Amino acid sequence: MSGFKSDGSDRRIDRAIQHVVRPWFPINQDVLSLVRKNLDANSYAAKPEQLLNDLKTDFALFTYVVKELGIQGMQEKLDPKILNNPIELIRWGGAARIADILGADKKLPSTHSLHWSEPFQVQRLRETAVVASTASVLSEKKDLDPEVGFSRGVIREIGLNLIAWNYPTLYSKVLNNLTPETSLDEELSKQLGFTPALLAMRVLRPVDPAMPEGNVDEGPDNDWEMYDELCAIGEALARAENPETYPSARNDWKQANQYLNDNAGAGALEMIKERAVEQSKKYQQVLPEVFNSLQTFDPQKAIETHERMSAAIADKDFRLCPPHIQEALRSLYNDMNGYAVNKAAIQTLLKSIIPQAGYTGGCVFVVDPSTACLKPRTIIGEVNLRSIANVSLEPGDLAVTALSQVTPLFQIEEKIPGNQIEGTYSSLGNARKVGVLYLERPLGVPTESDEKTLGTFNILKQALCDILHLR
């Protein structure tokens, strides 16, 4: 390890260490309370492994304890084989040392809170769970220590977790600008001047001023390379399951799936899911909206769902939808499989999602060639601007006119003084026009911009077309 004092990049990382070490990333207060309670009651004396298991349920607490024990171990010239192994380091520290680190009189990191975290930050913890659980399961398959595999997975993620919480604007910007050819680590390195991995190493093993330069321990021996390979598979799985964030998801899945098939056998993915769910129970209690979905962990399905959405929905329009509509549509598309028309999905869209988007009434009209008319097939809510009846395919009705138009048509009327209603018509199907979607919404209350309203309508119509497999 070369001179820290003269190198510009090292000055940057020195400043970064000062910026991230004190605030850390959010400790789960429920886990901290549990550990403190058991330490005070001396409950771990008879069950020392339970202390390790409890610490493992919170990645921030686990890594904080490892960091603090590492500092003590360096001061006491601890054997590197223990110092560099988080599991052995915790066992060495034992309840007495850890009680001193976590005592109620000690000032632990409290800047960040799980309850006030951004979605991308919480997703970081979810990815950490997947990485660590994958390394643990694959370690068993390779006759390695699963506890060490798990800890290595958590340790490898420290740098990214610290950056996500303490450089949130930078982290979010890099995350949003990823391409299939770029990686999060590489792009963060360009912005920060050092890698997340180097930040993690320097945080866990700060330079001892009393030691001559160049004699600082370089870290674990080559045995770690085997664990790092397993962690890399976990990182690929975590990215693959989140294709909306990582454009490389399909390639990541191909790499990870090939490895699992060649080295872990059938059922490995299910084991990883089960372990991630088990390991994240404490997080699930605090953040159910993020961690509940681990129970349906399925990277391939996530990628297929995302690709269906990407092919069908213009990104610009989707981003214009209110967040709760985006989430409802993701769930809707997740349930679309095969080529059969999903009647339950139609009902969900027409009776639940469309009203949630602010539409109070509407109708799906279908072309009936035998009678040369538009027939009302499904009525939504209460329709006020028009009659719901068969419409002859003759000029004069906006529903008929919409059949030949590329863009939606609008109708605004004031049925009650001061209460305007807007009706929107748009044809269903591109290659063959099979009908018209008509929706009404009130204009008497503050609404979103015209761009957002139109974008939301377009997305809802596209979703209906996709459920009906219209092209």
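This is a predicted model: local features need pLDDT of at least 70, side-chain atom pairs count only at pLDDT 80 or more; totals for chains, interfaces and linings use all residues.
User: Why is serine 139 called buried?
Analyst: Buried means under 20% relative accessible area. Serine 139 has 0% relative accessibility, so it counts as buried. This serine lies in helix 7, residues 119-141.

User: What makes a residue a contact of serine 139, and which residues are in contact with it beyond its neighbours within four places in sequence?
Analyst: Contact means heavy atoms within 4.5 Å. Leaving those neighbours aside, serine 139 is in contact with Leu144, Asp145, Pro146, Gly149, Tyr227 and Leu230.

User: Why is the pairing of glutamate 127 with arginine 124 called a salt bridge?
Analyst: The cut-off is 4 Å between a side-chain nitrogen of Lys or Arg and a carboxyl oxygen of Asp or Glu. In this pair the closest N and O atoms are 3.4 Å apart, which is within 4 Å and therefore a salt bridge. Both residues lie in helix 7, three residues apart, about one turn of the helix.

User: How do you know whether glutamate 127 and arginine 124 are buried or exposed?
Analyst: The limit for buried is under 20%. Glutamate 127 is at 6% relative accessibility, so it counts as buried. Arginine 124 is at 1%, so it counts as buried too.

User: What makes glutamate 241 and arginine 126 a salt bridge, and where in the chain do they lie?
Analyst: Their closest N and O atoms are 2.5 Å apart, against a limit of 4 Å. The pair links distant parts of the chain, 115 residues apart: glutamate 241 is in the loop between helix 13 (223-240) and helix 14 (249-263), and arginine 126 is in helix 7. Both residues are buried.

User: How many salt bridges does the structure hold, and which residues are linked in a network?
Analyst: The structure holds 24 salt bridges. Arg152, Arg156, Asp228 and Glu235 are linked in a network of them.

User: What makes up the lining of the largest pocket?
Analyst: A residue counts as lining if it has an atom within 4 Å of a pocket point. The largest pocket, with a volume of about 1900 Å³, is lined by 45 residues, of which Asn242, Glu244, Thr245, Glu327 and Arg330 lie nearest its centre. By class the lining has 16 nonpolar, 15 polar and 14 charged residues. Helix 7 gives the largest share, seven residues. Helix 10 (168-176) and helix 20 (323-334) are among the other helices that each supply at least two.

User: Which residues and helices line the second largest pocket?
Analyst: That pocket holds about 830 Å³ of space. Its lining has 41 residues, of which Ile155, Arg156, Glu157, Ala197 and Ala200 lie nearest the centre. The elements that give two or more residues include helix 7, helix 8 (146-156) and helix 13. Helix 12 gives the most, with six residues. The lining residues divide into 20 nonpolar, eight polar and 13 charged.

Methods
Residues are numbered from 1 along each chain as its sequence is written. Side-chain values use heavy atoms; hydrogens and water are left out. Helices (H or I, at least four residues) and strands (E, at least two) are DSSP runs, numbered from the N terminus. Buried means under 20% relative accessible area, exposed over 50%, partly exposed in between (1.4 Å probe, protein chains only). On a 1 Å grid over the protein atoms alone, a cavity is a set of points where a 1.4 Å probe fits but cannot get out, and a pocket is an open set with protein on both sides within 12 Å along at least five of seven lines; lining residues have an atom within 4 Å of a point. Grid points are joined across faces, edges and corners, and a volume is the space filled by probe spheres set on the points. Ala, Val, Leu, Ile, Met, Phe, Trp, Tyr, Cys and Pro count as nonpolar, Asp, Glu, Lys and Arg as charged, and the others, Gly among them, as polar.
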